[in-house]
Amino acid sequence: IWQLYSGELNGELTLIAAQSIPIVDDSDGRVLGRIVGGFVLNDSISLLGELSRALDAESLALVSRNQIIAAVGDIRQAVDLTQLESDLADRSHALVGDRLYIRSPLSADVAGVPVYVVTGRPGETIENIQSTYKDLFAPFLLYVIAGSLFAAYALHRVTSPALHRLVSYAY
């Protein structure tokens, strides 16, 4: 089981994922030792990139203790983290401008401090409006043209007899 450890290292909040696997003697089942391995999540841009692709997010950040541990995309520049944390305090999503931010709990470190994944993506509302305009523009244009032709025909039918009488009176 992977365990998360967080703490200050060289004045910077560091998040480490570690795992320990026992080495067991096959003959009597005694544990001879452990192999411990792990990696620093602050440096794992490839892991964050794969995670953002899997979640279909343009930007992604690992957040612990109200600090961004690691991020890909423009999430550090696009949003004020303290404002975003207050927006996400009582719900798991917030719309900031035209971008949707979603906070998902990842795990807690061994001290019980929660670690979150915050993803950012364009708001679906804007995309849906743009898609609707693209899909409905041609039918709307056809209806407007058909309505205009019908109105012109009706106007011609109403005004034609009176105009014909006026022209014959003039001669």
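The following conversation discusses a predicted model.

Trainee: Which residues have the most contacts inside the largest nonpolar core?

Mentor: That core has 13 residues, and those with the most contacts inside it are Leu4, Leu15, Leu41, Leu48, Leu60, Leu62 and Ile69. Strand E2 (12–24), strand E4 (59–64), strand E5 (67–72) and strand E8 (114–122) each supply at least two of its residues.

Trainee: What is Leu62 in contact with, leaving aside its neighbours within four places in sequence?

Mentor: With those neighbours left aside, Leu62 is in contact with Leu41, Leu48, Gln67, Ile68, Ile69, Ala70, Leu106, Tyr116 and Val117. Of these partners, Leu41, Leu48 and Ile69 are also listed with Leu62 among the residues with the most contacts inside the core.

Trainee: Which residues does the second, separate core include?

Mentor: The second core has ten residues, including Val63, Ile75, Leu84 and Ala94. As a general background, nonpolar side chains tend to be buried together in soluble globular proteins.

Trainee: Turning to the sheet of three strands, what is its order?

Mentor: The order is E1-E2-E3, the pairing is antiparallel, and the sheet is open. Strand E1 (3–9) and strand E3 (31–40) are the edge strands, each pairing on one side only. From one strand to the next, the twist averages 35°.

Trainee: Over how many bridges do E2 and E3 pair?

Mentor: E2 and E3 pair over nine bridges, in the antiparallel sense. Within that pairing, Ala17 stands opposite Phe39 in E3.

Trainee: Where is the aromatic partner of Phe39?

Mentor: Phe39 lies in strand E3, and its partner Trp2 lies in the segment before E1, 37 residues apart, so the pair links distant parts of the chain. The count for the structure comes to one aromatic pair.

Trainee: Why is the pair edge-to-face?

Mentor: The ring planes of Trp2 and Phe39 stand at 65°, and an angle over 60 degrees counts as edge-to-face. The ring centres are 5.8 Å apart.

Trainee: On to charges: how many salt bridges does a search of the whole structure find?

Mentor: The search finds six. One of them joins Glu50 and Arg53, with the closest N and O atoms 2.7 Å apart. Both residues lie in helix H1 (residues 45–55), three residues apart, which is about one turn of the helix. Glu50 is partly exposed, with a relative accessible area of 48%, while Arg53 counts as exposed at 57%.

Trainee: Which residues are linked in a network of salt bridges?

Mentor: The network links Asp25, Asp28 and Arg30. Between Arg30 and Asp25, the closest N and O atoms are 3.8 Å apart. Arg30 is partly exposed, with a relative accessible area of 48%.

Trainee: What about Asp109: which residue does its side chain meet in a salt bridge?

Mentor: The side chain of Asp109 meets that of Arg65, at 3.8 Å from N to O. Asp109 lies in the loop between strand E7 (99–108) and E8, and Arg65 in the loop between E4 and E5, so the pair ties together parts that are 44 residues apart in sequence.

Trainee: Is Asp109 buried or exposed?

Mentor: Asp109 counts as buried because its relative accessibility is 5%, and the cut-off for buried is under 20%. Arg65, at 40%, counts as partly exposed. Not counting residues up to four places away in sequence, Asp109 touches Leu4, Tyr5, Ser6 and Arg65.

Trainee: Finally, the backbone: what is the phi of Asn10?

Mentor: Phi of Asn10 is near 55°, a positive value in a residue other than glycine. Most residues other than glycine have a negative phi. Asn10 is found in the loop between E1 and E2, and it is exposed, with a relative accessible area of 78%.

Trainee: And where is Asp56 found?

Mentor: Asp56 is found in the loop between H1 and E4. Its phi is also positive, near 55°, and at 63% relative accessibility Asp56 counts as exposed.

Conventions: Residues are numbered from 1 along each chain as its sequence is written. This is a predicted model: local features need pLDDT of at least 70, side-chain atom pairs count only at pLDDT 80 or more; totals for chains, interfaces and linings use all residues. Side-chain values use heavy atoms; hydrogens and water are left out. A nonpolar core is a set of buried Ala, Val, Leu, Ile, Met, Phe, Trp, Tyr and Cys residues joined through side-chain atoms within 4.5 Å. Buried means under 20% relative accessible area, exposed over 50%, partly exposed in between (1.4 Å probe, protein chains only). Helices (H or I, at least four residues) and strands (E, at least two) are DSSP runs, numbered from the N terminus. Contact means heavy atoms within 4.5 Å. Two strands pair if DSSP finds at least two bridges between them. Axes are lines fitted to C-alpha atoms, for helices over the stretch in contact, and angles run from 0 to 180 degrees between N-to-C directions. A salt bridge is a side-chain nitrogen of Lys or Arg within 4 Å of a carboxyl oxygen of Asp or Glu. Rings of Phe, Tyr and Trp (its six-membered ring) pair if their centres lie within 6.5 Å; planes under 30 degrees apart count as stacked, over 60 as edge-to-face and the rest as tilted.
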